Amino acid sequence: MVDLLLGLQWGDEGKGKIVDVLTKNYDIIARFQGGPNAGHTLIFDGNKHVLHTIPSGIFHKNAINIVGNGVVIDPVIFKKELDNLANYDIDFSSKLLISRKAHVILPTHRLLDAASETAKGKAKIGSTLKGIGPTYMDKTGRNGFRIGDFELDNWKEKYDALTKKHLKMLSFFDVKIDYDLKELEEEFFIGVKRLKELTFIDSEEYLNQAMKNGKTILAEGAQGSLLDIDFGTYPFVTSSTTTAAGACTGLGIAPNKIGKVVGIFKAYVTRVGAGPFPTELFDECGKKMGEIGKEFGATTGRSRRCGWLDLVALKYAVEINGVTELSMMKGDVLTGFKTLKIATTYNYKGNEITHFPYNIEPQNVTVNYKNIKGWKSDITTARTIDDIPQNLKDYIKIIENFVGVPVRIISVGPDRKETIFV
Ligand code: GDP
Ligand code: IMO
Ligand code: MG
C-alpha cells in the first residue's frame, strides 16, 4: 500500500517536517510532483535543512528516496541540494533513485518563466521563477526533455534543438530578459554531470514490485491543494496536480493501492505569491502570525501572507483528496491570541454558502467567522494530548467536526521532537 501526505492549503504547511517524522514507518519515500518551487524544511539535532527536489526521508539510513516521474528536476538546483548534504553519510547511489520519466528543467525554461511573468505585469502569478510552468507545458505539449534522455548518445542534440526553440519563443514576448546563456549552460552541464552519477530507474516498475514485496511507501506531496492546476485558485496556481490523483499519475500507482491520505494544514493560513485569499489579515494579528511563525518562503525568502483558518477551503481540500486523517501544524504560533477566528461560511454573490466556489476573488466572496477563545500557556513542550490546554482541544474539535476527519498529529514547534501523536 501507498500512504499519501499532502498539503491542504497554499503550500508550506510543514510537509517536510512530517514526512521526516513519519519516515521511520516506511521503506520508501517518493515525491510525485512539483520541483524546485518546493521548499521543505526539516529541523533536528539543532540543524535546519531545506530540501527542494530530494524527498524528505533522505536523513533516515534505511529509507529509499525516489523522485517520481511527475516531478520536474533542475540539475543545477539538484546538485546544490546534494552538495548541501555532503557532510552527511548518505549513499546517494543506492538511497536516492530518479525516475527516467521525470522531466528536466532547462536553463531556457527558467528564462521563459521570467519572460512570462514579466509580460503579465500586474496580473503576475508570483511564480518562484524556477521554470516550473514552461517545463510542464513542454511535457503536456509533448516536447519535453526527460531524465532518461541523458542516457541517449545524442542527448546534447536534443537539448540544443529544444533550447533553440525556446530562444525563439523568448523573442515573442514583449519584454526583455537579460541573460548570459553560456554562463547558464555551464552550470547546467556541471549539474547534469552530477545528476548522471545517480541511479536512474523505471520508478513505476520499481514501486509496484516493492509493493508486491510488502514494502511500505509514503508519497510526499509538494505545494498544496489550493495551488492545484485544476482545483486551486486558477490561474494563481502551480502547473501540476498537487492533489491525491497526482500521486497516481506521478508515481504510476493505481488508485486501489492507496491507503491512508494524510492531509496537513496550518492552524492558520498562509500564502506566498499572488492570488485571492479570503481570510487574509492586513492588521496586527496577521503581522504577529508572520513574525512568530517566521513566515518567510523557504525557496524565495518572500514574506508569506497570513490569515485565519478557513474551514470552507479546508473541507474542500479534504473532500477532493479523500483525506483520512489530519496533521495540524503551528498551533504554537497562535498561543497568546485572546480570540481566534475560523471561517465557516462564505457570502458568495448574495448567498451564504458552505462550499468552495468557482471564484473567490474579494469582489465575489466575503467571509463569516466563528470566534473561539484562545489559550495562553506555551505548548511547545507538550508531547501528549493531555499536555495541551482545553481551548486548543476545543479548537481542534471544531475543525474535526466540520471536516469530518480526525486530527492524528499535532505539531507544536518546528523540531522533529515537537510533535504529538493523538
Ligand atoms: P513545507 O513546504 O510544507 O515542507 O513547509 P515549509 O518548510 O516551507 O514551511 C513550514 C515552516 O514552518 C518551516 O519553517 C518549518 O520549520 C516550520 N514549522 C513546521 N511545523 C511547525 C510547528 O508546528 N510550529 C512552528 N512554529 N513552526 C513549524
Ligand atoms: P511547498 O512544497 C508555497 C506558489 C508560488 C506562486 C505559485 C506558482 O514548499 O509547499 P510556480 O513556481 O509553481 O510557478 O509558482 O505557486 N508556490 C508555492 N507556495 N509553497 C510551495 O511549495 C510553492 N510552490 C509554488 O508562490 O504563487
Ligand atoms: Mg515550503
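Predicted model: local features only at pLDDT ≥ 70, side-chain atom pairs only at ≥ 80, totals over all residues.

Colleague: How many residues surround ligand 1, and which are the closest?

Modeller: There are 20 around ligand 1, and the closest are Gly14, Lys15, Thr41, Asp332 and Ser411.

Colleague: What does that shell around ligand 1 look like by class: nonpolar, polar, charged?

Modeller: The shell around ligand 1 splits into six nonpolar, seven polar and seven charged residues.

Colleague: OK, polar contacts. Which polar backbone atom is 2.9 Å from an oxygen atom of ligand 1?

Modeller: One belonging to glycine 16. The backbone of glycine 413 also has a polar atom 3.1 Å from an oxygen of ligand 1. From a side chain, arginine 304 places a polar atom 3.1 Å from a ligand 1 oxygen.

Colleague: And how much of ligand 1 does the protein cover?

Modeller: On its own, ligand 1 has 580 Å² of accessible area, and the protein covers 93% of that.

Colleague: Which pocket is ligand 1 sitting in?

Modeller: The space ligand 1 takes up is the second largest pocket. That pocket has a volume of about 660 Å³. It is lined by 28 residues, and Thr41, Gly293, Lys294, Lys330 and Pro414 are the closest to its centre.

Colleague: Which helices and strands supply at least two residues of that lining?

Modeller: For the second largest pocket, those are helix 1, strand 3 and strand 4 (47-51). By class, the pocket lining has eight nonpolar, ten polar and ten charged residues.

Colleague: Let's switch to ligand 2. Which residues come nearest?

Modeller: Out of 20 residues around ligand 2, the nearest are Asp12, Lys15, His40, Thr128 and Thr238. Lys15 is also listed among the closest to ligand 1.

Colleague: What are the contact distances to the oxygens of ligand 2?

Modeller: Threonine 128 has a side-chain N or O atom 2.5 Å from an oxygen atom of ligand 2. For glycine 39, a polar backbone atom is 2.9 Å from a ligand 2 oxygen. Serine 127 has a polar side-chain atom 3.1 Å from an oxygen of ligand 2.

Colleague: What share of ligand 2 does the protein bury?

Modeller: Ligand 2 exposes 560 Å² when taken alone, and the protein buries 97% of that. As for class, its shell holds seven nonpolar, ten polar and three charged residues.

Colleague: Which residues line the largest cavity?

Modeller: Its lining is Leu8, Gln9, Trp10, Leu226, Val269, Phe277, Thr279, Asp310, Ala313 and Leu314. That comes out as seven nonpolar, two polar and one charged.

Colleague: Last topic, backbone geometry. Where is the cis peptide bond?

Modeller: Between tyrosine 234 and proline 235, with omega about 5°. Proline 235 is in the loop between strand 10 (217-220) and helix 9 (244-251).

Colleague: And which residue other than glycine has a positive phi?

Modeller: Aspartate 45 does, with phi near 50°. Look for aspartate 45 in the loop between strand 3 and strand 4.

Note on methods. Residues numbered from 1 in each chain as written. Chains lettered and ligands numbered in written order. Heavy atoms only, no water. Near = heavy atom within 4 Å. Polar contact = N/O pair within 3.5 Å; in protein donor to acceptor, adjacent residues only side chain to side chain. Areas by Shrake-Rupley, 256 points an atom, 1.4 Å probe, with all protein chains shown as cover. 1 Å grid on protein atoms, 1.4 Å probe; cavity = no way out; pocket = protein on both sides within 12 Å on 5 of 7 lines; lining within 4 Å. Sits in = over half its atoms within 2 Å of the grid points. Nonpolar A, V, L, I, M, F, W, Y, C, P; charged D, E, K, R; others polar. Points joined across faces, edges and corners; volume = space filled by probe spheres on them. Helix = DSSP H or I, 4+ residues; strand = E, 2+ residues; numbered from the N terminus.
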